Amino acid sequence: MSLYHLIYQSQAKRLFTTTQLAAALQRWRPANHAERISGMLLCTPNGRFLQVIEGEEAVVRHLYYDKIAHDPRHSNCEVLGEGPIGHRNFPDWGMGFRPAQDVNLQQIVGYFDTANGRFLLPRAHNMPADMLLLLLRFVAEYDAEPGRDKPSN
């Protein structure tokens, strides 16, 4: 099986609490497990999402292009990067979740364009690999904070 990943961002049409998102992820994880999907979801309090999906190419592309991109619960879906990968970055995570702030997404993705309501990639930061490294660093720093409740993987 060749591994593939897709990184996208979107905006929720209605806000979700951390508890609501965690409950939804618990419902979606069995299907992800059956399809051998792994990844990470970040969500800000104002409903901005950044997600990495990993798995077999046809499965990942079907999940995003046929389901997520048409899900009426969010808008402004934008693929930031996709392509073959040599290994999973989230091998043990059916779909990890961490709450984030806009500043975290700005550090990972780029800057926020208030006119268009989305994050944009600066010219010097246009590689999905760079985003993955920054995302992995965010997760490691988040998990290392003393006393922090860890959302489930």
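**Glutamine 51 and what surrounds it**

Me: Which residues is glutamine 51 in contact with, leaving aside its neighbours within four places in sequence?

Reply: Glutamine 51 is in contact with Leu6, Ile7, Tyr8, Met40, Leu41, Ile68 and Met95, once those neighbours are left aside. Contact here means heavy atoms within 4.5 Å. Please keep in mind that this is a predicted model, where local features need pLDDT of at least 70 and side-chain atom pairs count only at pLDDT 80 or more, while totals for chains, interfaces and linings use all residues. Residues are numbered from 1 along each chain as its sequence is written, and side-chain values use heavy atoms, with hydrogens and water left out.

Me: Why is glutamine 51 called buried?

Reply: Buried means under 20% relative accessible area, exposed means over 50%, and partly exposed is in between (1.4 Å probe, protein chains only). Glutamine 51 has 8% relative accessibility, so it counts as buried.

Me: What makes the meeting of glutamine 51 and tyrosine 8 a polar contact?

Reply: A polar contact is a pair of N or O atoms within 3.5 Å; within protein, one must be able to donate a hydrogen and the other to accept it, and residues adjacent in sequence count only if both atoms are side-chain atoms. The side chains of glutamine 51 and tyrosine 8 are joined at 2.5 Å.

Me: In which element does glutamine 51 lie, and how is such an element defined?

Reply: Glutamine 51 lies in strand 3. Helices (H or I, at least four residues) and strands (E, at least two) are DSSP runs, numbered from the N terminus. The protein chain comes to 4 helices and 7 strands, running β-α-β-β-α-β-β-α-β-β-α from the N terminus on.

Me: Which backbone oxygens does the side chain of glutamine 11 reach?

Reply: A polar atom of that side chain lies 2.8 Å from the backbone oxygen of asparagine 46, and the side chain also reaches the backbone oxygen of glycine 47 at 3.4 Å. Residues that glutamine 11 touches, not counting those up to four places away in sequence, include Arg48, Arg73 and His74.

Me: What makes asparagine 46 partly exposed?

Reply: Asparagine 46 has a relative accessible area of 33%, and therefore it is called partly exposed. It is found in the loop between strand 2 and strand 3. A polar contact of 2.3 Å joins its side chain to that of threonine 44. Asparagine 46 and leucine 15 are 31 residues apart in sequence but 6.5 Å apart in space, C-alpha to C-alpha.

**Helix 1 and the residue after it**

Me: Where does helix 1 bend?

Reply: Helix 1 bends by about 35° at tryptophan 28, and proline 30 follows within four residues. The bend at a residue is the angle between axes fitted to the seven residues ending there and the seven starting there. Buried residues in helix 1 include Leu21, Ala24 and Leu25.

Me: What makes the phi of arginine 36 worth a look?

Reply: Arginine 36 has a positive phi of about 60° although it is not a glycine. Most residues other than glycine have a negative phi. Arginine 36 sits in the loop between helix 1 and strand 2 (38–43).

Me: Why is arginine 36 called exposed?

Reply: With a relative accessible area of 51%, arginine 36 is exposed.

**The largest pocket**

Me: What makes a space a pocket, and how much space lies in the largest pocket?

Reply: On a 1 Å grid over the protein atoms alone, a pocket is an open set of points with protein on both sides within 12 Å along at least five of seven lines, whereas a cavity is a set where a 1.4 Å probe fits but cannot get out; lining residues have an atom within 4 Å of a point. About 590 Å³ lies in the largest pocket. Grid points are joined across faces, edges and corners, and the volume is the space filled by probe spheres set on the points.

Me: Which element supplies the largest share of the lining of the largest pocket?

Reply: Helix 1 does, with 7 residues. The lining has 24 residues, and Trp28, Leu63, Ile68, Asp71 and Arg73 are those nearest the centre.
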